[in-house]
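Please keep the structure open while you read them.

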Amino acid sequence: MRKGRLTEAQRAQRRRQDRERLEASARALLSSEGWRRWVRVRSTNGLARYSFHNQLLIAMQRPDATYVAGFRAFLALNRCVRKGEKAIRILAPMSVPARGREQATDPSEAGEAQPRRTLFRSVAVFDVSQTDPLPGTEPVPLDPPGQPIDGDSHAHLLAPLCALAAELGYTVSSRPLDGPAEGWCDAEKREIVVSESLSANARVRVLIHELAHALGVGYSDYGRRRAEVLVDTITFVVCGSVGLDISASSVPYVAGWGERGDLDAIQGFAETIDTLARRIEAALAGPEQRPASGERPQLAA
């Protein structure tokens with residue numbers, strides 16, 4: 001055995017540790033604090049690119065993280081991880097040749113692409129707070145500063161949000177509204193209305209909220225209270241990921257919804273939030289990242 005090569009027993013132990021770490025991070029969603037940790041991580045500009053399960057792992061190990069990357073990736077950003085910093089462990093996909101019956105045994109197929117399978121391995125990443133600028137270099141800016149919700153800095157996002165509504169078969173209009181409501185989504189009339197008295201940034205927030213309803217989070221499927229928590233959380237997440245200041249907002253939460261220990265249910269809600277947030281974020285990022293026109297993500301019931 002070559003020096004440094006893990007034994008099969010060591011590999012099995014690492015796989016078991018990875019499973020235990022992932023299960024613990026998912027179970028943290030059952031507590032209000034664990035839920036809020038994940039939502040705040042998901043709403044951070046530099047962390048939205050990670051998979052749902054890696055977000056959970058980051059939230060459990062480093063709830064104050066703002067931008068996470070590997071050692072070499074930080075070097076490319078003119079930053080270096082400080083000596084002695086404890087790594088955050090996440091799971092990265094790894095493509096390996098298929099084994100057993102999945103492998104081709106016909107010699108004539110030797111030159112063809114052989115079957116492969118995807119495994120996941122634990123990798124070390126760090127938060128930007130664990131790094132220092134490389135001497136003599138200028139660190140690459142990582143995140144735009146948060147802009148106030150009552151300004152007009154994000155007015156350019158209104159057009160792609162309206163385009164997403166059109167893809168879903170909805171019209172969007174602004175008009176004077178009486179009462180406290182800032183907007184609504186009418187699924188029967190396929191119409192989204194936003195108060196014209198709001199600033200551009202506030203209209204972005206309201207439109208994100210109503211688009212979450214349009215994407216399938218309705219009262220009939222989830223109940224009014226739970227549906228509003230889901231769309232409020234999606235709004236919180238997307239606004240944070242595009243650089244709108246949400247520091248004054250509280251993380252939405254249904255008190256006690258994890259009391260019965262129904263991990264599958266609450267993880268399903270979290271995955272729905274992540275899926276719909278990614279759908280809206282993709283629309284804001286550009287047409288090349290959008291799903292097919294009118295396509296709706298699969299939601300957890």
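1. Two residues are in contact when heavy atoms of theirs lie within 4.5 Å. On that basis, among contacts between residues at least 6 apart in sequence, 65% join residues at least 24 apart. Please keep in mind that this is a predicted model.

2. The overall composition comes next. The chain has 301 residues, and buried ones make up 42% of them. It holds 9 helices and 8 strands.

3. As background, strands of a sheet pair through backbone hydrogen bonds, in either a parallel or an antiparallel way.

4. Within that sheet, β7 and β8 are paired in the antiparallel sense, over 4 bridges. Asp186 has Glu191, in β8, as its bridge partner.

5. Which residues of helix α5 (residues 158-167) are buried? They are Leu158, Pro160, Leu161, Leu164 and Ala165. An α-helix has 3.6 residues a turn, so residues three or four places apart point the same way. Just after α5, Gly169 adopts a positive phi of about 85°.

6. Most residues other than glycine have a negative phi. Asn78 is not a glycine, yet its phi is positive, at about 65°. Asn78 sits in the loop between α4 (71-76) and β2 (79-81). Is Asn78 buried or partly exposed? The cut-off for buried is under 20% relative accessible area, and Asn78 counts as partly exposed because its relative accessibility is 22%.

7. Arg190 is the other case: a residue that is not a glycine, with a positive phi of about 55°. Its place is the loop between β7 and β8. With 30% relative accessibility, Arg190 counts as partly exposed.

8. The aromatic side chains form 4 pairs in the structure. One of them joins Trp38 and Phe52 edge-to-face, with 5.7 Å from centre to centre and 85° between the planes. This pair links distant parts of the chain, since Trp38 belongs to helix α2 (residues 32-42) and Phe52 to helix α3 (residues 52-61), 14 residues apart. Both Trp38 and Phe52 are buried. Ring pairs also bring in Trp35, so that Trp35, Trp38 and Phe52 make up a cluster.

9. Where does Arg49 lie relative to Tyr67? Arg49 is placed over the face of the Tyr67 ring, 4.6 Å from the ring centre.

Key
Residues numbered from 1 in each chain as written. Predicted model: local features only at pLDDT ≥ 70, side-chain atom pairs only at ≥ 80, totals over all residues. Heavy atoms only, no water. Buried < 20%, exposed > 50% of the residue type's maximum accessible area, 1.4 Å probe, protein only. Helix = DSSP H or I, 4+ residues; strand = E, 2+ residues; numbered from the N terminus. Pairing = 2+ DSSP bridges. Phe/Tyr/Trp six-rings, centres within 6.5 Å; stacked < 30°, edge-to-face > 60°. Lys NZ or Arg CZ within 6 Å of the ring centre and 35° of its normal.
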